[in-house]
Amino acid sequence: MDESIWELIVKMFSEGLDAEEQDRLQQWFLDNPESWIKSGILQKARLVLMHNLTEERKQAMMAKVKQRLLTEAALEDATSHPGFLEKNKSWIAGTWAVIIIIMGVGITWWWSKNEHNGPMGTMVWKTISTAPGVKSMITLPDGSTIWLNAATTLQYPETFSDSMREVYLSGEAYFKIIHRAHQPFVIHTREMDIRDLGTEFNVRAYPDEDFTETVLISGAVAIKLHEKQGEEQMIYLKPDQKLIFRRHPDAEAASPVSSVKRSGSLPAEAREQVKLMPLQPLVDHLIPEIAWKDNRLVFEDETFTELAQRLQRWYGIPFHIQSEQLAHQRFTGRADNVSLNQLLQILQKIQPFRYQITDTAVLIQSVTP
């Protein structure tokens with residue numbers, strides 16, 4: 001990307017742009033909506049550029065961004081959501097990490113939506129994609145609410161049919177579905193179809209992970225695995241249960257949060273292709289599988305490689321671990337609304353290592369040559 005564009009982005013959220021600069025940046029946004037939605041740009045600018053600024057300059061920039069968000073929220077939502085600004089003032093004024101999430105919620109959808117012929121023929125479909133480092137929330141035509149985690153794509157029809165509501169998911173999302181007995185709601189993923197029976201639930205189905213996971217918080221869901229399409233049997237989840245499907249059950253693959261702890265090779269029960277497990281909330285009742293929705297990162301017995309895979313999506317910047325020994329080191333912990341630099345310092349207390357944040361990646365190195 002042209003360096004002058006970066007200069008305009010930083011200036012927009014610090015000093016403000018004149019009319020000519022605004023026109024130039026706006027035209028660039030319009031020319032590049034698929035790859036660089038506004039919130040994704042801001043997220044990367046924070047990670048790549050802000051760590052080189054003085055603390056005084058950071059605070060000044062953040063204050064300007066907060067005020068800009070309050071102003072834009074008031075203008076955009078006063079008509080359709082009269083109480084939005086008053087209800088969310090304290091939330092918007094929170095940490096810088098929360099500001100990024102608000103940007104994702106307020107702007108990601110507008111810049112990434114598009115219409116096309118979807119998986120079901122000539123029906124008009126919309127596609128919403130969140131960039132790495134960005135989370136978002138949308139409301140579907142039927143009033144159901146969906147929270148999208150980073151690096152997630154959701155496809156849904158512009159208008160649901162009278163007999164069925166169907167969406168396609170790649171990535172991770174939390175669903176709060178308005179139940180309609182005459183109009184079932186079905187989420188299609190690569191490995192399974194999840195049918196809503198009046199629920200709140202989470203689905204994790206990233207294409208670069210070896211498992212697909214459905215977590216039921218309330219209500220009920222029925223799950224049909226693609227590998228068993230010829231069978232009539234459905235798998236029904238109860239509240240506080242999760243189902244894990246592994247594509248390669250015999251492989252030493254990335255594990256979902258709160259899965260079976262490992263020492264050496266996977267135990268036989270952890271290698272099962274389909275497994276039902278109870279949820280195990282933390283001491284403060286936080287459910288690890290859905291902590292991401294509140295911008296909380298929970299990791300349990302994950303190798304650095306597995307954790308780095310999640311952090312790439314979480315912070316929107318690639319990780320490179322330059323030590324095989326470090327790559328296999330396991331980490332357990334939790335981080336709530338912290339910057340990338342703060343998180344790396346937390347991980348260093350678990351296992352010493354050196355790191356460097358560059359313009360394009362995070363480099364992880366051993367403390368010994």
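In this predicted model, the count of aromatic pairs comes to eight. One of them joins Phe 160 and Phe 185, whose ring centres are 6.2 Å apart and whose planes meet at 65 degrees, so the pair is edge-to-face. Phe 160 sits in the loop between strand E5 (153-157) and strand E6 (165-176), while Phe 185 belongs to strand E7 (residues 185-188), so this pair ties together parts that are 25 residues apart in sequence. Both Phe 160 and Phe 185 are buried. Phe 185 also pairs edge-to-face with Phe 175, at 6.4 Å from centre to centre and with 65 degrees between the planes. Here the partners come from strand E6 and strand E7, so the pair links parts 10 residues apart in sequence. Phe 175 is buried, with a relative accessibility of 0%, and the value for Phe 185 is 0% too. Taken together, ring pairs join Phe 160, Phe 175, Phe 185 and Phe 201 into a cluster.

Asp 142 is located in the loop between strand E3 (136-139) and strand E4 (145-148), and its relative accessible area of 6% makes it buried. Leaving aside neighbours within four places in sequence, Asp 142 is in contact with Phe 160 and Phe 185, as well as with Arg 165, Ile 178 and Arg 180. The side chain of Asp 142 also makes a polar contact of 2.9 Å with that of Ser 144.

Aromatic rings meet charge as well. Lys 293 lies over the face of Trp 147, at 4.5 Å from the ring centre. The charged end of Lys 293 also sits over the ring of Tyr 174, 4.8 Å from its centre.

Most residues other than glycine have a negative phi. Asn 295, however, has a positive phi of about 65 degrees; it is found in the loop between strand E14 (274-278) and strand E15 (296-303) and is buried, at 9% relative accessible area. Asn 337 likewise has a positive phi, of about 50 degrees. Asn 337 is placed in the loop between strand E17 (330-336) and helix H9 (340-350), and with 28% relative accessible area it is partly exposed.

Finally, Tyr 355 lies in strand E18 (residues 354-357) and is partly exposed, at 22% relative accessibility. Beyond its neighbours within four places in sequence, Tyr 355 is in contact with residues including Leu 344, Gln 348 and Ile 364. A polar contact of 2.4 Å connects the side chains of Tyr 355 and Asn 341.

Note on methods. Residues are numbered from 1 along each chain as its sequence is written. This is a predicted model: local features need pLDDT of at least 70, side-chain atom pairs count only at pLDDT 80 or more; totals for chains, interfaces and linings use all residues. Side-chain values use heavy atoms; hydrogens and water are left out. Helices (H or I, at least four residues) and strands (E, at least two) are DSSP runs, numbered from the N terminus. Buried means under 20% relative accessible area, exposed over 50%, partly exposed in between (1.4 Å probe, protein chains only). Contact means heavy atoms within 4.5 Å. A polar contact is a pair of N or O atoms within 3.5 Å; within protein, one must be able to donate a hydrogen and the other to accept it, and residues adjacent in sequence count only if both atoms are side-chain atoms. Rings of Phe, Tyr and Trp (its six-membered ring) pair if their centres lie within 6.5 Å; planes under 30 degrees apart count as stacked, over 60 as edge-to-face and the rest as tilted. A charge sits over a ring if NZ of Lys or CZ of Arg is within 6 Å of the ring centre and within 35 degrees of the ring normal.
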